[in-house]
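Here is a short briefing for a first look at this structure. Please keep the model open beside the text.

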Amino acid sequence: NGTDGQPGSVGPQGPIGLRGPQGIPGTKGRIGKPGLNGINGMPGVCVYQVHLSDGSISSEMLIPPSIISLGTDSFSFKSINVKEDDNLRLKCVVAGYPPPVVSWFKINGTIKLGKFEVESIADYTLNITHIQRSHMGTYVCAADNGIPPSAHKSFSLDVHFSPLIRIYNQSILVVNGSTAYLECEVESSPRATTYWKKGNERILELSNKHEIGVIETVLKYKTIMQLNITKIDSSDIGEYQCVARNDFGKIAGNILVYYESTKSIINITWQEVVVFGRGPPTKESNNELCPPSECYRCPDLKSLKCDQEEISSIIDLFGGNKDPNEILKPLLTNITNKEVKRTLACQVYTIGKAVLHHSLNDTYGCWMKDTYTPGEDSDEKIWATRENKPDQLFEFNNKTLFKQNVASSTYNLEIPFKGNAQVIYNSSFYYNQKDKPIIVRYDLLTNKHYKAHAPFLELNTNNLLYQSMHNYMDFSVDDNGLWVVYGIADNNTAVLKLDPYSLQVQLAWNISLKHQKVGEMFIVCGILYIVESVTESPTNIRFALDLFDRKLFDDLNVQFTNPFKKTTMIGYNHKNKELFTWDKGHQLTYPIRYHEVENPITRNEKDTNSNSK
């Protein structure tokens, strides 16, 4: 047998084994050495020995001034509407120590007291008697006691009166081929709707013959109507009327356009200035003003109450919730609300003055244009519904026929409609079937009806929309497509975006918005705008909801007017960027202005492309 070989070399170290179980804790270490002493603090201040602004020293508890608001008046700015020749008393109830001194002043003006004008008044009460239009403006109550900050409250005074027309040149001599310049100065509040007439015919539209304009002035209640008649011929000779109308009255002024040869046969009265309508009341002397009232102090706070019907806070509309994720919740479990792309993103920043187009005796009605179908004919056509004829849709080929109330076509609907909040879109008429929670599309080309059910809509008074409680559904069209708004349980609001052909739901929100506390709503660029009132002029739009990005805008300040204080329909025409309204039987349009913003979807696509590079 052979002998054993020599031992080999040591091999490499093997891998680390698994960690063993944790051992028992060791004994506690010794206490460390004490730290160094801290630095001495600064000397204290004796708050009960305070030097006041008048040089004296007080040891009392000092409280800066505050202005106490009674009832619903809980804001630092308040709007007040009064009729001309009424009397007004504004009170400023203050608290604080030392007792504050109260003074009044008018922004960008003086305070008119009868035949006198003053820059400011030191009193707790401001009395204005026999109010006239020149009193319009913003009055500020300021309270100061030397302890900062001082307190302020503003009152915006709006004086309402019937229109007045003032003409400085009532007779205009012309020759053939020349241009006649007609002007009427109009004073009115609320702002009057204005138009020109020759004989019994209205001149409402711009043309090669007539140039129409309205010039604003520095005074809120005063405008200048202008009518330029170009290329004068014999058919232009005669009497013209400038007409102004608001909720308090209607007035017309006359201007004569004539040839030199017709001067002898026309009765012309030469006057420097001619006034039509009632002027402001006579100014009172100083001793006829209201006497100063007692000094008002802080009231009993227990007596303060809130008006539950006041639409001025997040609490009233959204139950105090400002979280958009809580306000806007998906209505349908099978619709995610995330897959619909936005065509145009924008935000409205102003709404222009109302333009009157036609008047009827119907309180409720709807007029609209097709904002989708291309072609010049469709741009001119107008459709209208009448509340007393729920089975008919009227078509007018142009504005002239609409103003004459002569329909070009009448569609007889087998399925009648409910309300006056319909739309025309891509040659189809969309409406709510009468006495049914049904959405109807009526094809104007084929005369066929298509129907879809509105999810969770129950027909009862709790689900009638808005303060007017007249409609169950409110249809709207914007650059992004077709929408419908309706009420559901708990006074919540449902908003659906629909496919215009199949009526399938593309987007659906359950919004915790108390719709019966708002005047009206409309949609522009996928944002739902909330109009506070349809019976007050002016009113405001302070809240809006982005239906794509799920956002709440609670700091808007967009003014809207209801000239006749009975708006029953508001619709948006995105092709002309106008609002269409029906106000106490009057058909009006309002131009709107908006800022285009970057589409979030486009922005995300850009980010994705940049990351991929």
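Arg 191 sits in the loop between strand S15 (180-189) and strand S16 (193-198); helices (H or I, at least four residues) and strands (E, at least two) are DSSP runs, numbered from the N terminus. This is a predicted model: local features need pLDDT of at least 70, side-chain atom pairs count only at pLDDT 80 or more, and totals for chains, interfaces and linings use all residues. Residues are numbered from 1 along each chain as its sequence is written, and side-chain values use heavy atoms, with hydrogens and water left out.

- Arg 191 counts as partly exposed because its relative accessibility is 25%; buried means under 20% relative accessible area, exposed over 50%, partly exposed in between (1.4 Å probe, protein chains only).
- Leaving aside neighbours within four places in sequence, Arg 191 is in contact (heavy atoms within 4.5 Å) with Val 214, Glu 216, Thr 223, Asn 246 and Lys 353.

**Other backbone features**
- Most residues other than glycine have a negative phi, and most peptide bonds are trans.
- The peptide bond from Ser 537 to Pro 538 is cis, with omega near 0 degrees. Pro 538 is in the loop between S39 and strand S40 (539-541).
- His 130 is not a glycine, yet has a positive phi of about 45 degrees. His 130 lies in the loop between strand S11 (125-128) and strand S12 (137-144).
- Lys 565, also not a glycine, has a positive phi of about 60 degrees. Its loop runs between S43 and S44.

**Disulfides**
- There are three disulfides, each a pair of cysteine sulfur atoms within 2.5 Å.
- Cys 92 and Cys 141 are joined with an S to S distance of 1.6 Å. The torsion about their S-S bond is about -75 degrees, so this disulfide is left-handed.
- Cys 184 and Cys 242 have sulfur atoms 2.1 Å apart. Cys 184 is in strand S15 and Cys 242 in strand S20 (residues 238-246), so the pair ties together parts 58 residues apart in sequence.
- Cys 346 and Cys 525 have sulfur atoms 1.9 Å apart. With 100 degrees about the S-S bond, their link is right-handed.
- Both Cys 346 and Cys 525 are buried.

**Nonpolar cores**
- The largest nonpolar core has 28 residues; those with the most contacts inside it are Ile 351, Phe 522, Val 524, Tyr 529 and Leu 579. A core is a set of buried Ala, Val, Leu, Ile, Met, Phe, Trp, Tyr and Cys residues joined through side-chain atoms within 4.5 Å.
- S46 gives the most to this core, with four residues.
- A second, separate core of 26 residues includes Ile 128, Val 159, Phe 161 and Tyr 221.

**A strand pair**
- Strand S18 (residues 210-216) and strand S19 (residues 222-229) pair in the antiparallel sense over seven bridges. Two strands pair if DSSP finds at least two bridges between them.
- S18 and S19 form a hairpin with five residues between them.
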